[in-house]
Amino acid sequence: MSKKVLIIGGGAAGLMAAAQSAKRGNDTLVVEKMSRPARKMMITGKGRCNVTNATFELDGLVENVPKNARFLYSAFSAFMPYDTIALLEEQGVKTKIERGNRVFPESDKAVDVVDAFVNYAKNCGAKFVQGTVKDFEIENGKIVSAVLENGEKLAADAFAVCTGGASYPLTGSTGDGYTLAKRAGHTVTPLSPSLIPLVLSNNFVPALQGLSLKNVSITVYEGENEVYSDFGEMLFTHYGISGPIVLSASAHMKKPEKKNYTVKLDLKPALDEQTLDKRLQRDFALNNNKNFINSLSKLLPNKLIPVIVRLSKIEPSLKCNQITREQRLSLVKLLKGITLYVTGFRPLEEAIVTSGGVDVKEINPKTMGSKIIPNLYFAGEVIDVDAYTGGFNLQIAFSTGYLCGENI
């Protein structure tokens, strides 16, 4: 029997939930606050939309979710990354796989992905209306209507909160879903940024703004304890560091402003200390009579050289043939482990995802249905699950959205 279903939020999770709900014959209406659905999808992957990750084994997917991964087993099993890729292909969007198994549209245009999902939901029969849901009317333990900002009430048989998190508020993710969840009696775990750039106190950071480093490795320490390590790409900004490996590292850090976090940056992870020392000896021999500062251009990006020279405490004008063995070995250690001092995260608004959300203990993982209100469902980032960078968070949105739409 056809039900009247209201999907709150037209992002990745909401579009998928709406499509599946409408496909099952439900009279499905999506309430989206922005003039255009899926605004946050438009900016993912620097506007190219890293739509999923080509990790096709269930365990491999789960390994990339540092928080409440077990909760996602049913959702991932119901809708895997290869299902996302197949759905896009059916909608005429060809995809390609890049480094780290990241999946992008061949066109490199996020708008193609967004249009595909919006059209998919519409073709399945979902309807759209612009508005902001501010409250629920609840009677006898069930939601009877959603109350819009303008006072209008939208009655339905079932409701799904797919409002996203509290990051990137300009795209519409302003945390409305948390308010609605609490109104329905749900617990919302503490919110914090995840997949977020790090703020550093090192005084050389502004001089490196805009420098992108490839094939480097970082290791995060809390005090003496190693927390996380990764290899790949990172970027210096005016306030600190960003880029894929830094964003993933941030998911393992809690309240950095109150804890003693440092990041060790290895500029030459492919070389051990001995090999790097031999390389330096060769470079210094080739630049025998040159000043130290002019001998590093084959080893390091130009922007980095003055900083490394300063940190090495070797006189910039010292001739290469005058550099002592101790100075050289000290330089090797520096190149293999520059210490970066973390003072905090960038603001939550700049996070790719929000960590925290509706407590998973209060949601049925097999249906995405509320354990508190029988006609309420959740999908996507509003739930307390978040994953590493690389397309995993969008896949969570699609998988939970799919399960929600199938069961609502």
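Is Met41 buried or exposed? Met41 is buried, with a relative accessible area of 3%. Keep in mind that what you're looking at here is a predicted model.

**View 1. Met41 and the residues around it.**
Let's start with helix H2, where you'll find Met41. Skip the neighbours within four places in sequence, and Met41 is in contact with Ala12, Cys49, Ala110, Val113, Val114, Phe117, Leu394 and Phe398. Now look for Val246, which sits 205 residues away from Met41 along the chain. The C-alpha atoms of these two are separated by 21 Å.

**View 2. The largest nonpolar core.**
Nonpolar side chains tend to be buried together in soluble globular proteins. In this model, the largest nonpolar core has 83 residues. Met41, Phe117, Phe136, Leu376, Phe378, Ile383 and Phe398 are the ones with the most contacts inside it. Helix H6 gives this core its largest share, nine residues. A separate core of 52 residues lies apart from it, and its members include Val205, Ile218, Ala249 and Phe292.

You can describe a pair of aromatic rings by the distance of the centres and the angle of the planes. There are six aromatic pairs in the structure. One of them is Phe117 with Phe398, a stacked pair with 4.6 Å from centre to centre and 10° between the planes. Phe117 belongs to helix H6 (residues 110-124) and Phe398 to helix H12 (residues 392-407), so this pair links distant parts of the chain, 281 residues apart.

How far apart are the ring centres of Phe284 and Phe292? They are 6.1 Å apart, and the planes stand at 75°, so this pair counts as edge-to-face. The cut-off behind that name is an angle of over 60 degrees. Phe284 is buried at 6% relative accessible area, and Phe292 is buried too, at 0%.

**View 3. Charges over rings.**
Here are two spots where a charged side chain meets an aromatic ring. Arg48 lies over the face of Phe104, at 3.9 Å from the ring centre. Over at Phe128, the charged end of Lys122 sits above the ring, 5.5 Å from its centre.

**View 4. A closed barrel of strands.**
Six strands make a closed barrel in the order E12-E15-E14-E13-E16-E17, and their pairing is antiparallel. On average, neighbouring strands of this sheet are turned by 45° against each other, if you ignore direction. Zoom in on strand E14 (residues 225-236) and strand E15 (residues 240-242): they run antiparallel and are joined by two bridges. Leu235 stands opposite Ser242 in E15.

**View 5. Two loop residues with positive phi.**
Which residue other than glycine has a phi near 55°? That's Ala38, and the value is positive. Ala38 is in the loop between strand E2 (27-32) and helix H2 (39-47). With 3% relative accessibility, Ala38 counts as buried. Asn101 isn't a glycine either, yet its phi is positive, about 60°. You'll find Asn101 in the loop between strand E4 (95-97) and strand E5 (102-105). At 36% relative accessibility, Asn101 counts as partly exposed.

Methods: Residues are numbered from 1 along each chain as its sequence is written. This is a predicted model: local features need pLDDT of at least 70, side-chain atom pairs count only at pLDDT 80 or more; totals for chains, interfaces and linings use all residues. Side-chain values use heavy atoms; hydrogens and water are left out. Rings of Phe, Tyr and Trp (its six-membered ring) pair if their centres lie within 6.5 Å; planes under 30 degrees apart count as stacked, over 60 as edge-to-face and the rest as tilted. Helices (H or I, at least four residues) and strands (E, at least two) are DSSP runs, numbered from the N terminus. Buried means under 20% relative accessible area, exposed over 50%, partly exposed in between (1.4 Å probe, protein chains only). A charge sits over a ring if NZ of Lys or CZ of Arg is within 6 Å of the ring centre and within 35 degrees of the ring normal. Two strands pair if DSSP finds at least two bridges between them. Axes are lines fitted to C-alpha atoms, for helices over the stretch in contact, and angles run from 0 to 180 degrees between N-to-C directions. Contact means heavy atoms within 4.5 Å. A nonpolar core is a set of buried Ala, Val, Leu, Ile, Met, Phe, Trp, Tyr and Cys residues joined through side-chain atoms within 4.5 Å.
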